[in-house]
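Dear colleague,

Please find below the structure that I am handing over to you. My findings follow it.

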Amino acid sequence: NNHKSDSRGALIVLEGLDRSGKTLQSRKMISYLEGLSYSVESWRFPNRNTGVGQMISTYLANKSELDDHAIHLLFSANRWEKRSLMENKLRSGTTLIVDRYSFSGVAFSSAKGLNIEWCKAPEMGLLAPDLVLYLDIPPEVICSIIKFVVEVKKAAERGGYGGERYGQLEFQRKVALSYQILHDASWKTIDACLPIEYVEKQLQEAVLDCVTTCQKGKPLSQLWS
Ligand code: NYM
């Protein structure tokens, strides 16, 4: 019947400062939903596997210089090149757990000083998430985690964290402020300083609720309208 054909997967986005636990929690969410027999995929932006993604990756590793506006548009293009695939997956019933999305794009670029409305413009028309889970950790805590990770990973393959851009406290503070401006009704803020299992439990409840609503045929919508 009509109702069934409107059933779809959910677009669920994880946002937060660097090292707030998004990647770990997204893995846990995937296995949770798989355990309940949902069709689910793990996505992340930037998607470093495309041509655009490789330019972004080179930039983040400090191996190229780009104008702030230019890199902003590349991050956005990187989402646009996945938009139709994203829509097809959702309509075919697959739930996507996405590690960073347009909110990272706007939060990081506006923290560099770009106008926030200018930053939002190229994101307009991308699919709007059904749920944004914001892992909230104070920038000061983030920076001590980053310091620790740099020590531990100094010689490791990922090249440590310090090698990538955006690690400084002042900058992380600005990003946190920009995220606050972007909050709307689709956001749920989780205190990510709480124990991992507790954060996980809260995320599970929110995600299950969202997946059920989308299964019942909640229409897809677009940013930023
Ligand atoms: N980032 C990520 C942006 O500046 N704009 C964007 O649109 C996105 C998706 O890239 N510091 C920044 C945030 C991170 C960096 O992300 C790489 P990750 O999750 O560490 O791969």
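**Gly113 and its surroundings**

Gly113 has 8 C-beta neighbours inside 10 Å and therefore counts as exposed, the cut-off for that class being 12 or fewer. Please bear in mind that this is a predicted model. Gly113 belongs to the loop that links α6 with α7 (116–120). Gly113 follows α6 and has a positive phi, near 115°. Between Gly113 and Ser186 there are 26 Å in space, taken from C-alpha to C-alpha, and a separation of 73 residues in sequence.

**Helix α6**

How many of the residues of α6 are buried? The count is 10 of the 10, so α6 is largely enclosed by the rest of the structure. The buried residues are Ser102, Phe103, Ser104, Gly105, Val106, Ala107, Phe108, Ser109, Ser110 and Ala111. Their packing partners are β1, α4 (68–80), α7, β4 and α9.

**The largest nonpolar core**

The largest nonpolar core comprises 43 residues, and those touching the most other members are Ile12, Val98, Ala107 and Leu133. At least two residues of this core come from each of β1 (11–16), α2 (22–35), β3 (95–99), α6 (102–111), β4 (131–136), α8 (139–153), α9 (169–182) and α10 (196–215). Of these contributors, α10 provides the largest share, with six residues.

With neighbours within four places in sequence left aside, the contacts of Ile12 are Thr95, Leu96, Ile97, Val98, Pro129, Asp130, Leu131, Leu133, Val207 and Cys210.

Two packed helices are described by the angle between their axes and the distance between the axes. For α2 and α10, the axes cross at roughly 55° and come within 10 Å. The two helices are therefore oblique to each other, and the crossing of α2 and α10 is right-handed.

Which residues bring these two helices together? On the α2 side they are Gln25, Lys28, Met29, Tyr32 and Leu33, which meet Val199, Glu200, Leu203, Gln204, Val207 and Val211 of α10. By type, the residues of this contact divide into seven nonpolar, two polar and two charged.

Yours sincerely

Definitions and conventions
Residues numbered from 1 in each chain as written. Predicted model: local features only at pLDDT ≥ 70, side-chain atom pairs only at ≥ 80, totals over all residues. Core = buried A, V, L, I, M, F, W, Y, C linked by C-beta atoms within 7 Å. Buried ≥ 20, exposed ≤ 12 C-beta atoms within 10 Å, placed from the backbone. Helix = DSSP H or I, 4+ residues; strand = E, 2+ residues; numbered from the N terminus. Contact = placed C-beta atoms within 7 Å. Axes fitted to C-alpha atoms, helices over the stretch in contact; angles between N-to-C directions. Parallel < 35°, antiparallel > 145°, perpendicular 65-115°, else oblique. Left-handed = near helix turned anticlockwise from the far one by under 90°. Nonpolar A, V, L, I, M, F, W, Y, C, P; charged D, E, K, R; others polar.
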